[in-house]
Amino acid sequence: MIVKNEEDTLDRCLQSVGDVVDEVIIVDTGSTDRTKEIAGKWTTNVLDFAWIDDFAAARNFSFSNATMDYILWLDADDILLPEDSQKLSRLKQFMSPELDAVSMMYHCDFDDQGNVTLKVRRTRLVKRAKNYPWKGVVHEDLVIKDGTCYDSDIVVTHRKNHASYDPDRNIKIYERLIAQGKEFAPRDMLHYAMELHQHRSYQKAIEFYLQFMEMKEISDEDRIYGCSKLADCYHYLENRKKEREYIFRSMEYDTPRSEFCCRLGYYFLEKSQFSQAAFWYKLATELSATNNLWAIQNHASRTWLPHMQLGLCYYQLGEYELSYHHNKIALSYRPTDQSIISNVKLVEEIINKK
């Protein structure tokens with residue numbers, strides 16, 4: 001692990017894996033709180049690394065100090081829930097020594113009802129002898145170019161802690177690198193665009209998303225994700241024509257994804273074209289999740305969101321039974337959502353009066 005000022009989360013993280021791992025290595029990049037003291041309860045391997053605005057460099061240093069056959073990495077605000085800790089323990093007991101890398105699903109965002117809204121898959125466990133390197137100054141990632149890999153069903157759960165997080169940290173690092181004339185690899189290009197996007201610098205974000213989309217070494221899945229981000233930027237810039245352009249461009253790389261169907265549904269909803277909106281929202285509910293295990297998955301777009309919007313569309317079309325049906329499905333995902341509860345009651349009253 002690499003850490004800085006994680007006194008609120010570190011103990012929780014280590015407790016979730018403490019019975020499974022054989023060795024804990026904590027690399028501190030400049031904490032001013034009790035992080036190192038808490039780490040010391042779990043390990044004598046608490047090491048310092050002078051921060052150089054490069055997350056991959058810190059990760060590579062942490063890996064260089066490992067002595068076990070395999071290395072698991074986590075962030076301080078990650079945990080393994082008990083069932084996932086048990087799965088990791090079983091994997092450790094039975095895994096073949098021929099295995100070089102193991103990926104795990106990452107539940108990295110949740111709605112206010114506790115539903116997972118964003119899932120990504122990341123390589124979490126690697127054979128030390130393979131010396132897989134970390135690349136990327138921010139939002140770093142392991143480079144796995146060869147070896148036997150296994151996509152496990154183990155989940156790492158992200159539990160956000162914003163207390164010590166500087167929202168401008170990453171964008172400042174990228175801007176310093178640009179000032180130094182640094183050329184970005186695809187991952188850094190994408191994540192700099194995403195930082196600009198988060199900071200609502202939509203026009204500048206578009207510039208870097210487009211540069212990312214032109215890079216030859218990226219995958220079709222990367223291009224689909226780029227289309228999603230470009231469509232979002234153009235939406236906030238109120239350029240609906242360009243938003244639709246990137247919605248449809250995403251379909252050049254794969255069959256339609258639910259997220260893009262919901263975007264089209266919203267486009268027609270804004271224009272009060274409720275039949276057209278209902279077509280796209282209905283399609284979003286019917287699409288299966290992509291078979292690509294490494295695709296970034298937006299679960300709201302194929303669960304509660306399109307059903308809630310179908311409830312609205314059918315209400316406007318006077319099809320109250322259908323409106324009730326879809327609102328009830330939306331409510332099953334978000335049982336305490338007051339707006340959906342109100343919608344259900346409203347449609348129930350109309351149906352009961354008939």
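The chain exposes about 18,200 Å², of which carbon and sulfur atoms supply 48%; accessible areas come from the Shrake-Rupley method with a 1.4 Å probe, and for residues only the protein chains shown count as cover. This is a predicted model in which local features need pLDDT of at least 70 and side-chain atom pairs count only at pLDDT 80 or more, while totals for chains, interfaces and linings use all residues. Residues are numbered from 1 along each chain as its sequence is written, and side-chain values use heavy atoms, with hydrogens and water left out.

**Overall form**
- The C-alpha trace of the chain spans about 70 × 45 × 40 Å along its principal axes.
- The secondary structure comes to 14 helices and 11 strands (DSSP runs numbered from the N terminus: helices are H or I, at least four residues; strands are E, at least two).

**Interior and contacts**
- Of the 354 residues, 47% are buried (under 20% relative accessible area; exposed is over 50%, partly exposed in between, with a 1.4 Å probe and protein chains only).
- Among contacts with a separation of 6 or more, 62% come from residues 24 or more positions apart (contact means heavy atoms within 4.5 Å).

**His107**
- His107 lies in strand β6, residues 101–110.
- His107 counts as buried because its relative accessibility is 14%.
- Leaving aside neighbours within four places in sequence, the contacts of His107 include Val116, Leu118 and Val155.
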